[in-house]
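Please read them with the coordinates open beside you.

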Amino acid sequence: MHQIVDALFCVLVTLHTIPVIRAPKKECAATLIAKQLHEKICNHLRDRNNNLFASVNLQNRPILILLERSIDFAMPLHHSPIYQSLLHDLLHLKSNHVSFAGGKQESIFLDYENDEFWQKNALQALPKVHEYHTSILTWYQQKKDEIEHSKSTASSPSHMHAAEQEEKSSGSQSGGKQDMLRSTIKSMPELMQKKEEMDRHNKLMTNLSEILSQRGISEYFHLEETLMHSKVLNAQQNKELTELLSKHTKGSIEDKLRLFLIWYLCHHQVSKQERTALLSALCTNDNTEASSLTSSSLADYFDGAHDELFALRYIMEHEKISSLGQGVNDSNVVEEEEKSSNTGFQSWIGLTKESIFAQIKGMLPTSGKCTVTRIVRSLMNTDIASITNVATTSDAIHKEYIMLDPLKASSQHSRSEQFQEFYQAIVFLVGGGSFAEYANLNQFANAKQKKIIYGCTDLVSPRNFLSQLTNLGR
């Protein structure tokens, strides 16, 4: 814990800022870290000889929000359609490297500083990424055709004779064509760089799409989106849930376990009979041997002696710790953004009717916000026009979070201080974060013109997070 406090202190020194700190009022690791960090900053400010925060701009101070992973177990398990999240989940992205096993070991490095494609698309849904890839490919082909046309016309005898006649009659026109050719030649390095980017990401998207199709992940994605944004499932959705959990549908055992746990986390006020029925469907995978999809079997996650999942046991024992996230629901968050449409995906599908990309049509995220984003939105007081309307917006969530200001000697804060609007935030998750959560938070920041830094003790893939929950329940 002291290492986390020291690390956060170093981040604040590097950013040269003193934030207002918010953390859960209920005693937990995030609360202890917040109090220790507050004390460390206060002690440092008293030392005038070695003050690293000297000349800090106190205007537009950020808010530092410390949260526990336990407020939302569903998001790290979600089959996210975000490009970066998919690479992390399915191709094991680590330290910006994606490695491919096979006859020849190959690794692709994703350089955020120099890879424009990665800069623009890391946090986009995969269909949008492919739409962008198609537009860049069209642009590249046009540039290539222009160069080839310039070469062929410049080298032909008829063109050379015509050029001589033009030069005699009008030197300016000839010079313009020469300038155009010179400009085209100068664009060659840029074209080569674009070609390398396209080839690199084309290979990544092709591998992703093969896995998505093989495991039928689009079906899991759509049902999980429904589970996370609705309170009740209709008969058709319940039937689909049962079918996806059984061994008769595509998907690895981890895919099915993740779906089941998301169902329970979002709808845990269900009868034991419903839970038992879905567990029975899940247990039909018991005799399924580990395949090329995964090296695991149900036995790795299931306690046969007690007929229950290790991860579910842990979650059920700690249901109460997720209450912080329940204080903010979708009714408190009015979304101005239009829901994503599938129209942009048509160019992708139109490439070839038999394309494997057609298997994941419509894998576009909804405009709904995850629990962390809703809490951040409330604590930043994004939708508060005046202090008089706070009772109908985020008053409930503010009561669940303490406020610590290193620049104030008193721990008491006025109502106006608690409900001031923040334009910058640092969000830190204790217990692990996910790229899907980061992308959701980034979507909110862009829509509201905010600046948000996201951090966590560890970035865990959905499979690793499932393993952590399983180990905690053993």
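1. How much of the chain counts as buried? Of the 474 residues, 46% count as buried, where buried means under 20% relative accessible area, exposed means over 50%, and partly exposed lies in between, with a 1.4 Å probe and protein chains only.

2. This is a predicted model, in which local features need pLDDT of at least 70 and side-chain atom pairs count only at pLDDT 80 or more, while totals for chains, interfaces and linings use all residues. Residues are numbered from 1 along each chain as its sequence is written, and side-chain values use heavy atoms, with hydrogens and water left out.

3. On confidence, pLDDT is the predictor's confidence in each residue, from 0 to 100; the chain has a mean of 81, and 75% of its residues reach 70 or more. Over residues 331-356 pLDDT stays under 50, and there the model has 42 contacts beyond four places in sequence, a contact being heavy atoms within 4.5 Å. Residues 386-393 also stay under 50, with eleven contacts beyond four places in sequence.

4. The secondary structure comes to 20 helices and nine strands, taken as DSSP runs (helices H or I, at least four residues; strands E, at least two) and numbered from the N terminus. Among contacts between residues at least 6 apart in sequence, 78% join residues at least 24 apart.

5. R22, in strand β1 (residues 20-24), deserves a look, because at 1% relative accessibility this arginine counts as buried. A polar atom of the R22 side chain lies 3.1 Å from the backbone oxygen of Y401, and, beyond four places in sequence, R22 touches residues including I63, I65, L379, H398 and Q418. R22 and E400 are 378 residues apart in sequence, yet 9.8 Å apart in space, C-alpha to C-alpha.

6. H201 belongs to helix α8 (residues 188-215) and is buried, with a relative accessible area of 0%. Its side chain makes a polar contact of 2.8 Å with that of Y83, a polar contact being a pair of N or O atoms within 3.5 Å, of which, within protein, one must be able to donate a hydrogen and the other to accept it, and residues adjacent in sequence count only if both atoms are side-chain atoms. Not counting residues up to four places away in sequence, H201 touches Y83, L110, D115, F117 and W118.

7. Which residues of helix α12 (residues 272-282) are buried? They are R275, L278, L279, A281 and L282, and, seen down the axis of α12, its buried residues fall within an arc of 155°, so they line one face of the helix; the arc is that of the directions from the helix axis to the C-beta atoms. On the other side of α12, K272 and Q273 are exposed, while the cover over the buried residues includes α10 (235-245), α11 (253-266), β6 (308-309) and α13 (310-317).

8. The largest nonpolar core has 62 residues, of which L67, F260, L309, V376 and I452 touch the most other members; such a core is a set of buried Ala, Val, Leu, Ile, Met, Phe, Trp, Tyr and Cys residues joined through side-chain atoms within 4.5 Å. Helix α11 gives the largest share of this core, nine residues. A second, separate core of 28 residues includes F100, I108, L204 and L208.
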